[in-house]
Amino acid sequence: MGADPGPGPGPGAGGGGVLVSEHAAKESANAESKQTVPFVAFMLPSSQTMGTPARLECVCARFRFRAMWYIRRMAWPGKTSAGGRDCESRLRKMTKEGTLYEKLPELKTRCFACAHRCLIANGRAGICRVRFNQAGELRVPSGYAAGLAVDPIEKKPFYHALPGSQACSFGMLGCDFHCEFCQNWISSQTLRDPQAGGEVVEISAEQIVEVARRHRALSVTSTYNEPLITSEWAVEVFRRAREAGLATGFVSNGHATPEVVDYLRPWVDFYKVDLKSFNPRNYRDLGGSLEPVLSTIRLLYGRGFWVEVVTLVVPGFNDTEAELRDMARFIRSVSPMIPWHVTSFHSDYQWQNRTATSARQVVRAAEVGHEEGLAFVYAGNRPGDVGDWENTRCPACNALLIERVGFTVVRNELRSGRCSQCGAAIPGVWTMEDVEASRAAGRRDVAKLDIPKHVAEAEGKYGLAPGDSTGRAG
Ligand code: SF4
(Lines give C-alpha, C1' and ligand atoms only; values in the text may rest on other atoms or scores of the structure.)
Protein backbone atom coordinates (compact mmCIF):
# COMPACT_ATOMS: atom_id res chain seq x y z
CA MET A 1 0.00 0.00 0.00
CA GLY A 2 0.92 3.63 -0.25
CA ALA A 3 1.22 6.50 2.16
CA ASP A 4 -2.35 7.70 2.59
CA PRO A 5 -2.84 6.90 6.30
CA GLY A 6 -6.40 5.62 6.31
CA PRO A 7 -9.71 7.38 6.80
CA GLY A 8 -9.07 9.84 9.58
CA PRO A 9 -7.54 13.18 10.34
CA GLY A 10 -4.08 12.42 9.05
CA PRO A 11 -0.67 11.69 10.54
CA GLY A 12 -0.96 9.88 13.79
CA ALA A 13 -4.53 8.85 13.26
CA GLY A 14 -3.56 5.49 11.89
CA GLY A 15 -6.04 2.75 11.21
CA GLY A 16 -8.15 2.14 8.20
CA GLY A 17 -11.67 1.26 7.30
CA VAL A 18 -13.42 3.31 9.97
CA LEU A 19 -16.52 5.00 8.72
CA VAL A 20 -17.80 7.77 10.94
CA SER A 21 -20.73 10.12 10.73
CA GLU A 22 -20.39 13.36 8.86
CA HIS A 23 -21.53 15.30 11.89
CA ALA A 24 -18.90 13.76 14.11
CA ALA A 25 -16.22 14.16 11.49
CA LYS A 26 -16.96 17.84 11.02
CA GLU A 27 -16.83 18.37 14.74
CA SER A 28 -13.52 16.62 14.93
CA ALA A 29 -12.26 18.66 12.01
CA ASN A 30 -13.04 21.84 13.94
CA ALA A 31 -11.09 20.48 16.87
CA GLU A 32 -8.16 19.85 14.54
CA SER A 33 -7.34 23.51 14.02
CA LYS A 34 -3.60 23.02 14.60
CA GLN A 35 -3.57 20.28 12.01
CA THR A 36 -5.97 22.33 9.81
CA VAL A 37 -7.35 19.24 8.16
CA PRO A 38 -10.86 19.67 6.74
CA PHE A 39 -11.42 15.98 7.37
CA VAL A 40 -14.75 14.60 6.29
CA ALA A 41 -15.44 10.92 6.62
CA PHE A 42 -18.94 9.56 6.62
CA MET A 43 -21.25 6.63 6.77
CA LEU A 44 -21.97 4.77 3.60
CA PRO A 45 -25.24 5.91 2.07
CA SER A 46 -27.58 2.95 2.26
CA SER A 47 -28.01 0.72 5.28
CA GLN A 48 -30.39 -1.40 3.21
CA THR A 49 -27.69 -2.35 0.76
CA MET A 50 -25.05 -2.77 3.39
CA GLY A 51 -27.21 -4.70 5.80
CA THR A 52 -25.46 -3.03 8.75
CA PRO A 53 -26.53 -0.54 11.41
CA ALA A 54 -26.61 2.85 9.76
CA ARG A 55 -25.29 5.24 12.38
CA LEU A 56 -22.18 5.60 14.39
CA GLU A 57 -22.85 9.00 15.85
CA CYS A 58 -19.86 10.20 17.71
CA VAL A 59 -16.27 9.35 17.06
CA CYS A 60 -13.47 11.66 17.96
CA ALA A 61 -11.09 11.90 15.04
CA ARG A 62 -8.12 12.12 17.34
CA PHE A 63 -8.60 8.54 18.52
CA ARG A 64 -5.81 6.26 17.56
CA PHE A 65 -6.67 3.10 15.70
CA ARG A 66 -7.15 1.03 18.85
CA ALA A 67 -10.08 3.16 19.92
CA MET A 68 -11.40 3.07 16.37
CA TRP A 69 -11.14 -0.68 16.31
CA TYR A 70 -13.34 -1.08 19.39
CA ILE A 71 -15.85 1.44 18.08
CA ARG A 72 -16.10 -0.43 14.83
CA ARG A 73 -16.82 -3.64 16.65
CA MET A 74 -19.67 -1.91 18.48
CA ALA A 75 -21.01 -0.44 15.24
CA TRP A 76 -21.12 -3.65 13.24
CA PRO A 77 -21.51 -6.48 15.74
CA GLY A 78 -22.88 -8.79 13.09
CA LYS A 79 -20.02 -8.09 10.75
CA THR A 80 -17.11 -8.22 13.13
CA SER A 81 -14.24 -9.97 11.53
CA ALA A 82 -11.86 -12.31 13.23
CA GLY A 83 -9.41 -11.62 10.41
CA GLY A 84 -7.37 -14.43 8.93
CA ARG A 85 -9.25 -17.41 7.51
CA ASP A 86 -12.78 -16.38 8.68
CA CYS A 87 -12.47 -13.12 6.86
CA GLU A 88 -10.95 -14.84 3.84
CA SER A 89 -13.89 -17.18 3.43
CA ARG A 90 -16.40 -14.32 3.73
CA LEU A 91 -14.50 -12.22 1.21
CA ARG A 92 -14.61 -15.07 -1.27
CA LYS A 93 -18.29 -14.32 -1.77
CA MET A 94 -17.56 -10.74 -2.83
CA THR A 95 -15.62 -11.51 -6.00
CA LYS A 96 -15.87 -11.61 -9.77
CA GLU A 97 -13.69 -13.11 -12.48
CA GLY A 98 -10.49 -11.12 -12.90
CA THR A 99 -8.99 -9.68 -16.06
CA LEU A 100 -5.31 -9.53 -15.12
CA TYR A 101 -4.47 -13.20 -15.44
CA GLU A 102 -3.99 -16.03 -17.88
CA LYS A 103 -5.39 -19.54 -17.80
CA LEU A 104 -2.85 -22.35 -17.84
CA PRO A 105 -3.08 -26.13 -18.24
CA GLU A 106 -4.28 -28.28 -15.33
CA LEU A 107 -6.64 -25.53 -14.09
CA LYS A 108 -3.72 -23.32 -13.03
CA THR A 109 -3.70 -19.55 -13.41
CA ARG A 110 -0.96 -16.93 -13.65
CA CYS A 111 -1.88 -13.57 -12.10
CA PHE A 112 -0.09 -10.45 -13.28
CA ALA A 113 -1.82 -7.76 -11.22
CA CYS A 114 1.43 -7.27 -9.32
CA ALA A 115 5.07 -8.14 -9.73
CA HIS A 116 4.78 -11.39 -7.78
CA ARG A 117 3.17 -12.95 -10.88
CA CYS A 118 1.76 -15.76 -8.78
CA LEU A 119 1.25 -19.16 -10.35
CA ILE A 120 -1.93 -20.29 -8.57
CA ALA A 121 -3.19 -23.86 -8.53
CA ASN A 122 -6.89 -24.71 -8.40
CA GLY A 123 -8.27 -23.96 -4.92
CA ARG A 124 -5.32 -21.83 -3.86
CA ALA A 125 -4.85 -18.08 -3.37
CA GLY A 126 -2.02 -15.78 -4.41
CA ILE A 127 0.44 -14.13 -2.04
CA CYS A 128 -2.01 -11.27 -1.45
CA ARG A 129 -4.66 -13.85 -0.40
CA VAL A 130 -7.50 -11.88 -1.98
CA ARG A 131 -7.15 -13.31 -5.51
CA PHE A 132 -7.75 -17.01 -5.80
CA ASN A 133 -8.17 -19.80 -8.32
CA GLN A 134 -11.60 -21.40 -8.41
CA ALA A 135 -11.77 -24.25 -10.90
CA GLY A 136 -9.28 -22.60 -13.22
CA GLU A 137 -10.84 -19.12 -13.01
CA LEU A 138 -9.13 -16.32 -11.10
CA ARG A 139 -11.59 -14.68 -8.72
CA VAL A 140 -10.80 -11.12 -7.61
CA PRO A 141 -12.34 -8.71 -5.06
CA SER A 142 -15.42 -6.77 -6.07
CA GLY A 143 -18.31 -4.83 -4.60
CA TYR A 144 -17.14 -3.86 -1.12
CA ALA A 145 -15.20 -1.20 0.77
CA ALA A 146 -13.15 -1.46 3.93
CA GLY A 147 -12.66 2.29 4.14
CA LEU A 148 -14.29 5.31 2.55
CA ALA A 149 -13.58 8.97 3.25
CA VAL A 150 -13.56 12.39 1.64
CA ASP A 151 -10.55 14.45 2.60
CA PRO A 152 -7.97 16.76 1.00
CA ILE A 153 -6.08 15.41 -1.98
CA GLU A 154 -2.92 16.65 -0.23
CA LYS A 155 -3.41 13.79 2.26
CA LYS A 156 -2.80 11.09 -0.42
CA PRO A 157 -0.31 12.91 -0.85
CA PHE A 158 -0.73 14.66 -4.22
CA TYR A 159 0.57 18.23 -4.22
CA HIS A 160 0.55 18.89 -7.98
CA ALA A 161 -2.90 17.50 -8.73
CA LEU A 162 -6.02 19.63 -8.22
CA PRO A 163 -4.56 21.40 -5.16
CA GLY A 164 -6.98 22.35 -2.43
CA SER A 165 -9.65 19.94 -3.71
CA GLN A 166 -11.35 17.08 -1.92
CA ALA A 167 -10.69 13.48 -2.92
CA CYS A 168 -13.07 10.60 -2.26
CA SER A 169 -10.91 7.66 -1.20
CA PHE A 170 -11.93 4.04 -1.01
CA GLY A 171 -10.01 0.96 0.05
CA MET A 172 -10.47 -2.80 0.17
CA LEU A 173 -8.52 -5.43 2.10
CA GLY A 174 -5.17 -7.07 1.51
CA CYS A 175 -1.69 -6.30 0.30
CA ASP A 176 1.12 -8.04 -1.57
CA PHE A 177 3.61 -6.73 1.04
CA HIS A 178 3.70 -7.24 4.81
CA CYS A 179 5.47 -4.14 6.14
CA GLU A 180 5.98 -4.20 9.90
CA PHE A 181 5.50 -0.42 10.06
CA CYS A 182 2.38 -0.29 7.89
CA GLN A 183 0.21 2.71 8.71
CA ASN A 184 -2.89 1.05 7.23
CA TRP A 185 -2.31 -2.41 8.64
CA ILE A 186 -5.91 -2.98 9.73
CA SER A 187 -6.91 -2.92 6.06
CA SER A 188 -3.78 -4.30 4.48
CA GLN A 189 -2.89 -7.15 6.86
CA THR A 190 -6.34 -8.45 7.89
CA LEU A 191 -5.96 -11.63 5.89
CA ARG A 192 -2.59 -12.44 7.46
CA ASP A 193 -2.93 -11.10 10.97
CA PRO A 194 -5.92 -12.03 13.17
CA GLN A 195 -5.21 -8.95 15.30
CA ALA A 196 -5.98 -6.65 12.40
CA GLY A 197 -9.72 -7.35 12.20
CA GLY A 198 -10.48 -5.21 9.17
CA GLU A 199 -14.16 -4.99 8.28
CA VAL A 200 -15.99 -4.51 5.03
CA VAL A 201 -19.39 -3.40 3.80
CA GLU A 202 -20.97 -4.14 0.46
CA ILE A 203 -21.15 -1.13 -1.81
CA SER A 204 -21.51 -0.49 -5.52
CA ALA A 205 -19.27 1.59 -7.77
CA GLU A 206 -22.22 3.93 -8.31
CA GLN A 207 -22.60 4.48 -4.56
CA ILE A 208 -18.93 5.42 -4.17
CA VAL A 209 -19.20 7.93 -6.99
CA GLU A 210 -22.42 9.29 -5.53
CA VAL A 211 -20.64 9.89 -2.23
CA ALA A 212 -17.89 11.75 -4.10
CA ARG A 213 -20.42 13.93 -5.91
CA ARG A 214 -22.44 14.64 -2.80
CA HIS A 215 -19.32 15.86 -0.99
CA ARG A 216 -18.10 17.84 -4.01
CA ALA A 217 -14.92 15.84 -4.42
CA LEU A 218 -13.13 16.39 -7.72
CA SER A 219 -11.48 12.99 -7.72
CA VAL A 220 -11.85 9.39 -6.59
CA THR A 221 -8.81 7.52 -5.27
CA SER A 222 -8.08 3.85 -4.67
CA THR A 223 -5.96 3.68 -1.51
CA TYR A 224 -5.61 2.25 2.07
CA ASN A 225 -4.95 -1.34 0.95
CA GLU A 226 -2.65 -2.02 -2.03
CA PRO A 227 -4.83 -1.06 -5.01
CA LEU A 228 -2.88 -3.09 -7.56
CA ILE A 229 -4.28 -6.33 -6.15
CA THR A 230 -7.81 -4.95 -6.48
CA SER A 231 -7.27 -3.22 -9.84
CA GLU A 232 -10.38 -4.62 -11.54
CA TRP A 233 -12.63 -3.15 -8.86
CA ALA A 234 -10.80 0.18 -9.04
CA VAL A 235 -11.37 0.33 -12.78
CA GLU A 236 -15.06 -0.45 -12.27
CA VAL A 237 -15.31 2.51 -9.88
CA PHE A 238 -13.19 4.75 -12.11
CA ARG A 239 -15.39 4.09 -15.16
CA ARG A 240 -18.32 5.53 -13.19
CA ALA A 241 -16.15 8.35 -11.87
CA ARG A 242 -15.14 9.35 -15.40
CA GLU A 243 -18.78 9.36 -16.49
CA ALA A 244 -19.47 11.72 -13.60
CA GLY A 245 -16.67 14.08 -14.69
CA LEU A 246 -14.26 13.16 -11.88
CA ALA A 247 -10.51 12.60 -11.94
CA THR A 248 -9.04 9.37 -10.60
CA GLY A 249 -5.99 8.41 -8.54
CA PHE A 250 -4.01 5.40 -7.32
CA VAL A 251 -1.95 5.36 -4.09
CA SER A 252 0.26 2.31 -4.47
CA ASN A 253 3.49 0.57 -3.54
CA GLY A 254 4.40 0.53 -7.24
CA HIS A 255 5.14 -3.22 -7.21
CA ALA A 256 3.45 -3.49 -10.59
CA THR A 257 3.81 -5.18 -13.97
CA PRO A 258 3.74 -3.52 -17.40
CA GLU A 259 0.44 -5.33 -18.04
CA VAL A 260 -1.34 -3.78 -15.06
CA VAL A 261 0.10 -0.34 -15.85
CA ASP A 262 -1.33 -0.56 -19.37
CA TYR A 263 -4.64 -1.85 -17.99
CA LEU A 264 -4.90 1.14 -15.65
CA ARG A 265 -3.70 3.82 -18.05
CA PRO A 266 -7.08 4.60 -19.65
CA TRP A 267 -8.68 5.03 -16.21
CA VAL A 268 -6.10 6.50 -13.83
CA ASP A 269 -4.99 10.15 -13.95
CA PHE A 270 -2.69 10.44 -10.89
CA TYR A 271 -0.43 7.69 -9.58
CA LYS A 272 1.43 7.96 -6.28
CA VAL A 273 4.25 5.46 -5.77
CA ASP A 274 5.63 4.58 -2.36
CA LEU A 275 9.40 4.19 -2.82
CA LYS A 276 10.16 2.58 0.52
CA SER A 277 13.89 2.13 0.27
CA PHE A 278 16.81 1.76 -2.12
CA ASN A 279 18.11 -1.24 -0.24
CA PRO A 280 17.03 -4.47 -1.99
CA ARG A 281 17.30 -6.30 1.32
CA ASN A 282 14.65 -4.03 2.81
CA TYR A 283 12.29 -4.75 -0.07
CA ARG A 284 12.90 -8.46 0.29
CA ASP A 285 12.03 -8.26 3.98
CA LEU A 286 8.81 -6.38 3.22
CA GLY A 287 7.77 -9.12 0.80
CA GLY A 288 8.59 -7.47 -2.53
CA SER A 289 11.45 -6.45 -4.79
CA LEU A 290 13.10 -3.14 -5.57
CA GLU A 291 13.48 -3.67 -9.31
CA PRO A 292 9.77 -3.70 -10.31
CA VAL A 293 9.14 -0.60 -8.21
CA LEU A 294 11.89 1.32 -10.00
CA SER A 295 10.69 0.01 -13.37
CA THR A 296 7.13 1.05 -12.54
CA ILE A 297 8.12 4.62 -11.69
CA ARG A 298 9.82 4.95 -15.05
CA LEU A 299 6.97 3.21 -16.88
CA LEU A 300 4.26 5.34 -15.26
CA TYR A 301 6.08 8.52 -16.16
CA GLY A 302 6.63 7.34 -19.73
CA ARG A 303 2.98 6.32 -20.13
CA GLY A 304 1.82 9.82 -19.23
CA PHE A 305 0.36 9.34 -15.73
CA TRP A 306 0.81 12.25 -13.36
CA VAL A 307 3.34 10.69 -10.95
CA GLU A 308 4.38 11.70 -7.44
CA VAL A 309 6.68 9.61 -5.24
CA VAL A 310 6.59 9.36 -1.47
CA THR A 311 9.13 7.92 0.95
CA LEU A 312 8.20 7.34 4.57
CA VAL A 313 11.50 8.09 6.32
CA VAL A 314 11.81 5.47 9.04
CA PRO A 315 14.69 5.84 11.53
CA GLY A 316 17.04 2.88 11.32
CA PHE A 317 15.38 1.54 8.18
CA ASN A 318 15.95 3.87 5.25
CA ASP A 319 17.16 7.15 6.72
CA THR A 320 20.88 7.18 5.96
CA GLU A 321 21.98 10.08 3.82
CA ALA A 322 23.48 7.67 1.28
CA GLU A 323 20.21 5.81 0.80
CA LEU A 324 18.14 8.99 0.60
CA ARG A 325 20.57 10.24 -2.06
CA ASP A 326 20.20 6.99 -4.00
CA MET A 327 16.42 7.39 -4.04
CA ALA A 328 16.58 11.05 -5.05
CA ARG A 329 19.09 10.33 -7.82
CA PHE A 330 16.91 7.60 -9.23
CA ILE A 331 13.82 9.83 -9.31
CA ARG A 332 15.84 12.59 -10.94
CA SER A 333 17.09 10.15 -13.59
CA VAL A 334 13.45 9.56 -14.59
CA SER A 335 12.54 13.27 -14.33
CA PRO A 336 13.71 16.04 -11.99
CA MET A 337 10.14 17.36 -12.16
CA ILE A 338 8.57 14.41 -10.32
CA PRO A 339 7.55 15.64 -6.84
CA TRP A 340 9.17 13.68 -3.99
CA HIS A 341 7.47 13.64 -0.59
CA VAL A 342 9.62 12.61 2.36
CA THR A 343 7.28 11.99 5.26
CA SER A 344 7.68 11.41 8.95
CA PHE A 345 7.15 7.92 10.38
CA HIS A 346 5.15 7.49 13.59
CA SER A 347 5.24 4.26 15.56
CA ASP A 348 2.67 1.83 14.24
CA TYR A 349 1.73 -1.81 13.92
CA GLN A 350 4.67 -4.05 14.89
CA TRP A 351 7.09 -1.16 15.22
CA GLN A 352 5.48 0.44 18.25
CA ASN A 353 8.81 0.88 19.99
CA ARG A 354 10.48 2.89 17.22
CA THR A 355 10.83 6.60 17.65
CA ALA A 356 9.03 8.89 15.24
CA THR A 357 10.99 10.71 12.57
CA SER A 358 11.73 14.20 13.84
CA ALA A 359 11.00 17.34 11.90
CA ARG A 360 14.75 17.90 11.63
CA GLN A 361 15.22 14.46 10.05
CA VAL A 362 12.57 14.94 7.37
CA VAL A 363 13.87 18.42 6.62
CA ARG A 364 17.34 16.95 6.12
CA ALA A 365 15.87 14.30 3.80
CA ALA A 366 14.15 17.07 1.83
CA GLU A 367 17.44 18.98 1.61
CA VAL A 368 19.09 15.86 0.20
CA GLY A 369 16.42 15.63 -2.50
CA HIS A 370 16.93 19.28 -3.38
CA GLU A 371 20.72 18.90 -3.45
CA GLU A 372 20.32 15.99 -5.86
CA GLY A 373 18.47 18.18 -8.31
CA LEU A 374 14.79 17.45 -7.72
CA ALA A 375 12.71 20.54 -8.44
CA PHE A 376 9.87 19.74 -6.01
CA VAL A 377 10.61 18.15 -2.65
CA TYR A 378 8.18 18.19 0.26
CA ALA A 379 8.52 17.24 3.92
CA GLY A 380 5.30 15.68 5.22
CA ASN A 381 3.49 14.49 8.36
CA ARG A 382 4.96 17.38 10.38
CA PRO A 383 2.48 20.20 9.70
CA GLY A 384 3.84 23.59 10.56
CA ASP A 385 7.22 22.19 11.71
CA VAL A 386 9.17 21.95 8.46
CA GLY A 387 9.31 25.58 7.35
CA ASP A 388 9.21 26.10 3.62
CA TRP A 389 9.27 22.38 2.77
CA GLU A 390 5.46 22.22 2.67
CA ASN A 391 5.29 24.88 -0.04
CA THR A 392 5.68 24.88 -3.81
CA ARG A 393 8.16 27.33 -5.24
CA CYS A 394 8.92 28.16 -8.85
CA PRO A 395 12.09 26.27 -9.86
CA ALA A 396 12.99 29.13 -12.24
CA CYS A 397 12.62 32.25 -10.04
CA ASN A 398 11.93 30.77 -6.57
CA ALA A 399 8.63 32.66 -6.17
CA LEU A 400 6.26 31.17 -3.58
CA LEU A 401 3.43 29.64 -5.61
CA ILE A 402 1.45 27.37 -3.26
CA GLU A 403 1.63 27.85 0.49
CA ARG A 404 0.45 24.92 2.64
CA VAL A 405 0.13 24.01 6.29
CA GLY A 406 -0.29 20.26 6.53
CA PHE A 407 -3.00 19.31 4.06
CA THR A 408 -4.43 22.82 3.81
CA VAL A 409 -3.64 25.08 0.90
CA VAL A 410 -3.33 28.56 2.41
CA ARG A 411 -2.52 30.40 -0.81
CA ASN A 412 -2.31 29.49 -4.48
CA GLU A 413 -0.53 31.96 -6.77
CA LEU A 414 -0.41 29.75 -9.85
CA ARG A 415 -1.89 31.33 -12.94
CA SER A 416 -3.10 28.79 -15.50
CA GLY A 417 -0.39 26.39 -14.35
CA ARG A 418 2.32 29.04 -14.60
CA CYS A 419 4.39 31.02 -12.15
CA SER A 420 2.66 34.32 -11.45
CA GLN A 421 6.07 36.06 -11.29
CA CYS A 422 8.15 34.77 -14.21
CA GLY A 423 5.57 32.82 -16.23
CA ALA A 424 7.45 29.50 -16.09
CA ALA A 425 5.22 26.44 -16.66
CA ILE A 426 4.94 24.42 -13.44
CA PRO A 427 4.47 20.67 -14.02
CA GLY A 428 1.20 19.32 -12.65
CA VAL A 429 -2.48 18.80 -13.36
CA TRP A 430 -3.77 21.91 -11.69
CA THR A 431 -7.30 22.04 -13.06
CA MET A 432 -9.86 19.66 -14.54
CA GLU A 433 -8.89 21.09 -17.95
CA ASP A 434 -5.32 19.91 -17.27
CA VAL A 435 -6.70 16.49 -16.38
CA GLU A 436 -8.50 16.32 -19.73
CA ALA A 437 -5.37 17.48 -21.56
CA SER A 438 -3.19 14.90 -19.81
CA ARG A 439 -5.59 12.12 -20.87
CA ALA A 440 -5.20 13.17 -24.48
CA ALA A 441 -1.45 13.81 -24.33
CA GLY A 442 -0.21 10.25 -24.69
CA ARG A 443 3.28 9.06 -23.84
CA ARG A 444 6.23 11.10 -22.58
CA ASP A 445 9.87 10.81 -23.58
CA VAL A 446 11.75 9.13 -20.78
CA ALA A 447 15.41 8.21 -20.49
CA LYS A 448 16.44 4.62 -21.12
CA LEU A 449 17.59 3.35 -17.76
CA ASP A 450 19.40 0.12 -17.02
CA ILE A 451 17.34 -0.71 -13.94
CA PRO A 452 18.73 -4.24 -13.42
CA LYS A 453 22.17 -2.60 -13.26
CA HIS A 454 20.92 -0.09 -10.67
CA VAL A 455 19.59 -2.96 -8.58
CA ALA A 456 22.77 -5.07 -8.97
CA GLU A 457 24.81 -2.11 -7.77
CA ALA A 458 22.46 -1.63 -4.83
CA GLU A 459 22.72 -5.33 -3.96
CA GLY A 460 26.50 -5.00 -3.80
CA LYS A 461 26.31 -1.80 -1.80
CA TYR A 462 23.91 -3.25 0.78
CA GLY A 463 25.68 -6.60 1.13
CA LEU A 464 23.39 -8.93 -0.84
CA ALA A 465 24.57 -11.61 -3.21
CA PRO A 466 23.79 -10.82 -6.89
CA GLY A 467 20.16 -11.61 -7.66
CA ASP A 468 19.32 -12.21 -4.00
CA SER A 469 16.66 -9.53 -3.71
CA THR A 470 13.47 -11.33 -4.61
CA GLY A 471 10.53 -10.79 -2.27
CA ARG A 472 9.49 -13.45 0.20
CA ALA A 473 5.96 -14.73 0.11
CA GLY A 474 3.58 -12.99 2.49
S1 SF4 B 1 0.16 -11.28 -4.95
FE2 SF4 B 1 0.08 -10.15 -6.88
S3 SF4 B 1 0.41 -11.65 -8.52
FE4 SF4 B 1 -0.10 -12.78 -6.61
S5 SF4 B 1 -2.33 -13.10 -6.75
FE6 SF4 B 1 -1.99 -11.21 -5.58
S7 SF4 B 1 -2.06 -9.57 -7.09
FE8 SF4 B 1 -1.81 -11.49 -8.21
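## Ligand shell

By class, seven nonpolar, two polar and three charged residues make up the shell around the ligand; Ala, Val, Leu, Ile, Met, Phe, Trp, Tyr, Cys and Pro count as nonpolar, Asp, Glu, Lys and Arg as charged, and the others, Gly among them, as polar. The surrounding residues are Cys 111, Ala 113, Cys 114, His 116, Arg 117, Cys 118, Gly 126, Ile 127, Cys 128, Arg 131, Asp 176 and Ile 229, where a residue is near a molecule if its C-beta atom, placed from the backbone, lies within 6 Å of it.

## Model and overall content

This is a predicted model, in which local features need pLDDT of at least 70 and side-chain atom pairs count only at pLDDT 80 or more, while totals for chains, interfaces and linings use all residues. Residues are numbered from 1 along each chain as its sequence is written.

The protein chain contains 14 helices and 20 strands, taken as DSSP runs (helices H or I, at least four residues; strands E, at least two) and numbered from the N terminus. Of its 474 residues, 55% count as buried, that is, with 20 or more other C-beta atoms within 10 Å of their own, the C-beta atoms being placed from the backbone. Among contacts in the protein chain with a separation of 6 or more, 70% are between residues 24 or more positions apart; a contact requires C-beta atoms, placed from the backbone, within 7 Å.

Strand β14 (residues 270-274) has five of its five residues buried, so it is largely enclosed by the rest of the structure. Phe 270, Lys 272 and Asp 274 are buried on one side, and Tyr 271 and Val 273 on the other, which leaves both faces covered.

Strand β13 (residues 247-252) pairs with β14 in the parallel sense over four bridges, pairing being assigned if DSSP finds at least two bridges between two strands. Gly 249 has Phe 270 of β14 as its bridge partner. From β13 the chain passes through helix α8 (residues 258-264) to β14 in a right-handed β-α-β crossover: with the strands pointing away from the viewer, the path from the first strand over the helix to the second runs clockwise. Strand β15 (residues 306-313) is joined to β14 by five bridges and runs parallel to it; here Tyr 271 is partnered by Val 307 of β15.

## The β18-β19-β20 sheet

Three strands form an open sheet in the order β18-β19-β20, with antiparallel pairing. β18 (392-393) and β20 (408-412) stand at the edges with a single partner strand each, so one side of each is left without a neighbour in the sheet. Strand β19 (residues 400-405) is joined to β20 by four bridges in the antiparallel sense, and Val 405 has Thr 408 of β20 as its bridge partner.

Notes: A residue is buried if 20 or more other C-beta atoms lie within 10 Å of its own, exposed if 12 or fewer, and partly exposed in between; C-beta atoms are placed from the backbone. Two residues are in contact if their C-beta atoms, placed from the backbone, lie within 7 Å.
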